[in-house]
Amino acid sequence: FIGEIHGAPDDDDTNYSILALHILETYGVNFKTTDVATEWLGHLPYFKTYTTERAVYRNLIWNIHPQEAALYVNPEREFIGARTRADVYGYCTPGMPELAAELAYKDAALSHTKNGVYSAMFMAAMLSWAFISQDAQELIRVGLSEIPVKSRLAQAVQTALALFSQGMDWELAYEHLLLKYGAYSPIHAINNTLWIVLSLLYAHGDFDAALGMAVTCGMDTGSNAASAGSLAGLMVSSTSLPTHWIEPLEDHLFSSIAQFSETSIAILARRTAEIAEKILSTTL
């Protein structure tokens, strides 16, 4: 499809990134979970939500309070969705993983519980620290520091770190983890977050390799490649990204978010940087 698709197509994951940026611009870092619910209803089309998010959207329409919406008829509340919404919270808090995790928590709590929430906090904290360090193991340990040590997600990530430390190659490590965690749903937060961890550990700073490994592990390949690329991109910096990943996007991102249907990627990046600068100036 190269040359046939102009710009980055509309996608639910990038929709949530645009919405998170709008939430931070509108409410600042003191936004509440109820504010996230308000913005969902005001900007997010129902048929552009899936699995957990659709169940919670329905709950909000039924006037279930946002603090309880994740718990009502929502069997998929530990799925991957909250993690895919966490990126902007990491981008806007460079070097502040605790704040990144806090922001991701407030967003994730609308729709997820337990490891569904932890995966979002883990992701945001790693992204925040990727501005400071390019050491994959360090990023992962910083992410772990923001979630409960006895959670199933933390224990799974510790297992992946142990396999890497033992010198096991990535395919063997993947097979080992697949046997242990493959019974979870293909869109569960635990197994899919493990594939990101593997891609970071074994890509050794190679952006293309990180994407390739994330996809090769299977399951929610689109979200996993996006998350792996998000982290790997910060680690190598924008000036070092391979141009074959940038040029086809033509600096255009399409979305189905009301009032933000088409925009420039460069402008979104600038707006994100402005929020990060504001947070840094008021926090440090």
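A: Let's start at valine 157, which touches Phe122, Ile140, Leu144, Leu194 and Val197, leaving aside residues up to four places away in sequence. Keep in mind that this is a predicted model. Val157 belongs to the largest nonpolar core, a set of 76 residues. Along with Trp40, Tyr89, Phe122 and Ile140, Val157 is one of the residues that touch the most other members of that core. So which helix gives the core its largest share? That's α11, residues 189-203, with 9 residues. Apart from this core there is another one, made of 6 residues, including Ala203, Ala210, Leu211 and Ala225.

Next, have a look at α7, which spans residues 114-129. Of its 16 residues, 13 are buried, so α7 is largely enclosed by the rest of the structure. From first C-alpha to last, α7 reaches 23 Å, close to the 22 Å you'd expect at 1.5 Å a residue.

α7 also takes you to a pocket: together with α2 (33-43), α7 is one of the elements that give two or more residues to the lining of the second largest pocket. That pocket has a volume of about 230 Å³. Its lining is made up of 13 residues, and Thr33, Pro66, Gln67, Tyr105 and Ala109 lie nearest the centre. Sorted by class, the lining has 6 nonpolar, 5 polar and 2 charged residues.

Tyr50 is partly exposed, because its relative accessible area is 39%, and buried would mean under 20%.

Most residues other than glycine have a negative phi. Aspartate 251 has a positive one, near 55°, and sits in the loop between α13 (221-236) and β1 (252-254). Asp251 is partly exposed, with a relative accessible area of 36%. Glutamine 259 has a positive phi too, near 80°, and its loop runs between β1 and β2 (262-264). Is Gln259 buried or exposed? At 71% relative accessibility, Gln259 counts as exposed, since the cut-off for that is over 50%.

Terms used:
Residues are numbered from 1 along each chain as its sequence is written. This is a predicted model: local features need pLDDT of at least 70, side-chain atom pairs count only at pLDDT 80 or more; totals for chains, interfaces and linings use all residues. Side-chain values use heavy atoms; hydrogens and water are left out. On a 1 Å grid over the protein atoms alone, a cavity is a set of points where a 1.4 Å probe fits but cannot get out, and a pocket is an open set with protein on both sides within 12 Å along at least five of seven lines; lining residues have an atom within 4 Å of a point. Grid points are joined across faces, edges and corners, and a volume is the space filled by probe spheres set on the points. Helices (H or I, at least four residues) and strands (E, at least two) are DSSP runs, numbered from the N terminus. Ala, Val, Leu, Ile, Met, Phe, Trp, Tyr, Cys and Pro count as nonpolar, Asp, Glu, Lys and Arg as charged, and the others, Gly among them, as polar. The expected span of a helix is 1.5 Å times one less than its number of residues. Buried means under 20% relative accessible area, exposed over 50%, partly exposed in between (1.4 Å probe, protein chains only). A nonpolar core is a set of buried Ala, Val, Leu, Ile, Met, Phe, Trp, Tyr and Cys residues joined through side-chain atoms within 4.5 Å. Contact means heavy atoms within 4.5 Å.
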